[in-house]
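Subject: Structure handover

Hi,

Here is the structure we talked about. Please look it over, then read my notes below.

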Amino acid sequence: MELVLVFTFAALIGAAVRYTVPGRNRHGMIALPALQVGLATLLFVIAMWLGLEPRSVWPWIISLVGSTAAHIAVAIWLPGKRDADDAALLAELTAPGAPIPEEPARR
């Protein structure tokens, strides 16, 4: 039962963080909230395997705060990485020695 609650809380926090972190138009609608949900449930299960009680506050803090921190870190890092990769691809495609693709055959 607790795992369902962790899943739900992580999804709600993930949706809220998605709309508060700048650059959200460059990292998809569901990718980072899904990352947070998956990481939160994984951290909660690991905390249970380590012997922490599900009714204790520590598994909740570990799973929700840890997954939120990872979500925010990736949400800040990803737009810059995508911009750099897009700029590198544009430079490669527009370089003077870049091969020109053949025009597709017409029917």
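Asp 85 counts as partly exposed because its relative accessibility is 39%. The classes are buried (under 20% relative accessible area), exposed (over 50%) and partly exposed (in between), with a 1.4 Å probe and protein chains only. Asp 85 forms a salt bridge with Lys 81, with the closest N and O atoms 3.2 Å apart. A salt bridge here means a side-chain nitrogen of Lys or Arg within 4 Å of a carboxyl oxygen of Asp or Glu. Lys 81 is partly exposed too, at 37%. Helices are DSSP runs (H or I, at least four residues), numbered from the N terminus.

Some ground rules. This is a predicted model: local features need pLDDT of at least 70, side-chain atom pairs count only at pLDDT 80 or more, and totals for chains, interfaces and linings use all residues. Residues are numbered from 1 along each chain as its sequence is written, and side-chain values use heavy atoms, leaving out hydrogens and water.

The structure holds 3 salt bridges. Arg 55 pairs with Glu 2, the closest N and O atoms being 3.7 Å apart. That pair links distant parts of the chain: Arg 55 sits in the loop between helix 2 and helix 3, Glu 2 in helix 1, 53 residues apart. Arg 55 is exposed at 75%. Glu 2 is partly exposed at 22%. Arg 106 bridges to Glu 103, with the closest N and O atoms 2.8 Å apart. Arg 106 is exposed at 73%, and Glu 103 is exposed at 57%.

Now helix 2. It runs over residues 31–49, and its 19 residues should span 27 Å at 1.5 Å a residue. The expected span is 1.5 Å times one less than the number of residues. The end C-alpha atoms are 27 Å apart, which agrees. Its buried residues include Leu 32, Val 37, Phe 44 and Ala 47. Helix 1 (2–20) and helix 3 (58–93) are among what covers the buried residues. Just after helix 2, Gly 51 takes a positive phi of about 100°.

Last, the surface. Leu 52, Val 57, Trp 58, Ile 61, Ile 62 and Val 65 make a nonpolar patch of about 520 Å². Such a patch joins nonpolar side chains (Val, Leu, Ile, Met, Phe, Trp, Tyr) within 5 Å, from residues with over 30% relative accessible area and no salt bridge. Trp 58 lies in helix 3 and is exposed at 51%.

Best wishes

Terms used:
Helices (H or I, at least four residues) and strands (E, at least two) are DSSP runs, numbered from the N terminus. Contact means heavy atoms within 4.5 Å. Patches are made of residues with over 30% relative accessible area and no salt bridge: like charges are joined within 9 Å, nonpolar side chains (Val, Leu, Ile, Met, Phe, Trp, Tyr) within 5 Å. Accessible areas come from the Shrake-Rupley method with a 1.4 Å probe; for residues, only the protein chains shown count as cover.
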